[in-house]
Amino acid sequence: MNWTNLRRAIAARCRTATSQQLTAPYLRIVIWAGLAILWAPLVVILLAVPMAARAAALVEGFQVPGLLLAVSMFLSTLAGITALLIRVERELSAAPDQPLPRPMLFCAAHMGGSWLAGLLAFIINQAQQFNVWYGLGLVIGASFAGAKFVEMWAERAVLSRSPGATTGGTP
Amino acid sequence: MRPRYWMYRLYVALSAGLSMLVVWIEPASLGNQIISKSGPIGWPCVAVLGVVSCVAVVDAVLNDMFGLAVRWKRALRWRHWVFMALAMGLASVSYVCVMAVGYTPLVLPFLLDATFATLVAITGLFHLYRSEQ
């Protein structure tokens, strides 16, 4: 190996992708962390003051009974479990002897979607003061629709990351 | 699990059915008064819930207690949805009671039965498909 080859080898080693990949993200994280530490308190104070005032104005007119909220969340949970059981039955009827694909992801998607939509429906119901049966239907329907929506969204997100994967029911 | 499981299912179905029967036939009960004041949809919902709990009781009696002598296959196939409907109905009755009265311990037995009906539905679904192998 002559001097020219040695110099090229050293230069190539210095410019390896590995070293760039190792240093660049860490450097970026350090820079962003430094910026966040410097500016976060100011941003939090600037955002918190008007948001606290808005939140106080929002909940001022509400008289939310805790038990009613708890029962509504229970209904949301049941609606989410119903949507989850529909999905599980589809998987099990397609392949009874196979383990369920991505069970934690779909449990979290269904329950998260149903709770979020149920809470939103409860707030709308309290604000609009619907009839008891309309309110009940709104909470159940919104929770079920929320669970199905997040399920479809989660499935699409998972499929976009793994092109070879198939949809549910066809393991 | 199977030999003791039917008692659990029968108890949940009977408890829900008797609760609805008390609401239906006893005018002095708080449930009856709440449903009467809740509007025209209340009584049909109670009736549907009573019918669903009757289906669950008959399913448990025919398909579990009588063993292989008598079978109601459609109820066996749809058992988990029957119990899920039971749970949803009981939770709905709880919601109506809380809306009408506010804080009341009246809803606790309904919520407990709804919880156990949900567990019956979940275990029933897995039992249905896993036991077919």
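1. Helices (H or I, at least four residues) and strands (E, at least two) are taken here as DSSP runs, numbered from the N terminus. On that basis L92(A) lies in helix α3 of chain A, residues 66-94. The model is a predicted one, in which local features need pLDDT of at least 70 and side-chain atom pairs count only at pLDDT 80 or more, whereas totals for chains, interfaces and linings use all residues. Residues are numbered from 1 along each chain as its sequence is written, while chains are lettered from A and ligands numbered from 1 in the order in which they are written.

2. Chain A contains 5 helices and 0 strands, so that from the N terminus its elements read α-α-α-α-α. A residue is called buried if 20 or more other C-beta atoms lie within 10 Å of its own, exposed if 12 or fewer, and partly exposed in between, with C-beta atoms placed from the backbone. Of the 171 residues in chain A, 24% are buried. Contact between two residues means that their C-beta atoms, placed from the backbone, lie within 7 Å. Taking the contacts in chain A between residues at least 6 apart in sequence, 79% join residues at least 24 apart.

3. L92(A) counts as buried because it has 20 C-beta neighbours inside 10 Å. Between L92(A) and M73(A) there are 19 residues of sequence separation and 28 Å in space, C-alpha to C-alpha. A109(A), in helix α4 of chain A, is buried with 26 other C-beta atoms within 10 Å. Its contacts, leaving aside neighbours within four places in sequence, are V150(A), E151(A) and A154(A). The C-alpha atoms of A109(A) and G146(A) are 9.4 Å apart, although the two residues are separated by 37 in sequence.

4. The backbone at Q129(A) deserves a check. This residue is not a glycine, yet its phi is positive, at about 55 degrees. Q129(A) sits in the loop between α4 (103-128) and α5 (132-161) of chain A. It counts as exposed, because 7 C-beta neighbours lie inside 10 Å.

5. The contact between the chains draws 26 residues from chain B and 21 residues from chain A. On the side of chain B that touches chain A, the elements giving two or more residues are α5 (79-101) and α6 (107-130) of chain B. The most comes from α5(B), with 11 residues. For the classes, Ala, Val, Leu, Ile, Met, Phe, Trp, Tyr, Cys and Pro count as nonpolar, Asp, Glu, Lys and Arg as charged, and the others, Gly among them, as polar. That side of chain B comprises 16 nonpolar, 8 polar and 2 charged residues.

6. Helix α5(B) is largely enclosed by the rest of the structure, since 20 of its 23 residues are buried. The expected span of a helix is 1.5 Å times one less than its number of residues. For the 23 residues of α5(B) this should come to 33 Å, and its end C-alpha atoms are 33 Å apart, which agrees. After α5(B) comes G102(B), whose phi is positive, near 95 degrees.

7. Helix α6(B), of 24 residues, reaches 35 Å from its first C-alpha to its last, close to the 34 Å expected. Its buried residues include F110(B), D113(B), F116(B) and G124(B). In helix α3 of chain B (residues 42-65), the 24 residues reach 33 Å, close to the expected 34 Å. D59(B) is one of the buried residues of α3(B).

8. How do the axes of α5(B) and α6(B) lie, and at what angle do they pack? The angle is about 160 degrees, with the axes 8 Å apart; axes are lines fitted to C-alpha atoms, for helices over the stretch in contact, and angles run from 0 to 180 degrees between N-to-C directions. That makes α5(B) roughly antiparallel to α6(B), given that angles under 35 degrees count as roughly parallel, over 145 as roughly antiparallel, 65 to 115 as roughly perpendicular and the rest as oblique. Residues that meet here include F83(B) and L90(B) of α5(B) and F110(B) and A117(B) of α6(B). By class, the contact of α5(B) with α6(B) has 18 nonpolar, 4 polar and 2 charged residues.

9. The axes of α2(B) (residues 30-37) and α5(B) come within 10 Å and cross at roughly 80 degrees. The two helices α2(B) and α5(B) are therefore roughly perpendicular to each other. G31(B), I34(B) and K37(B) of α2(B) make this contact with V96(B), C97(B), A100(B) and V101(B) of α5(B).
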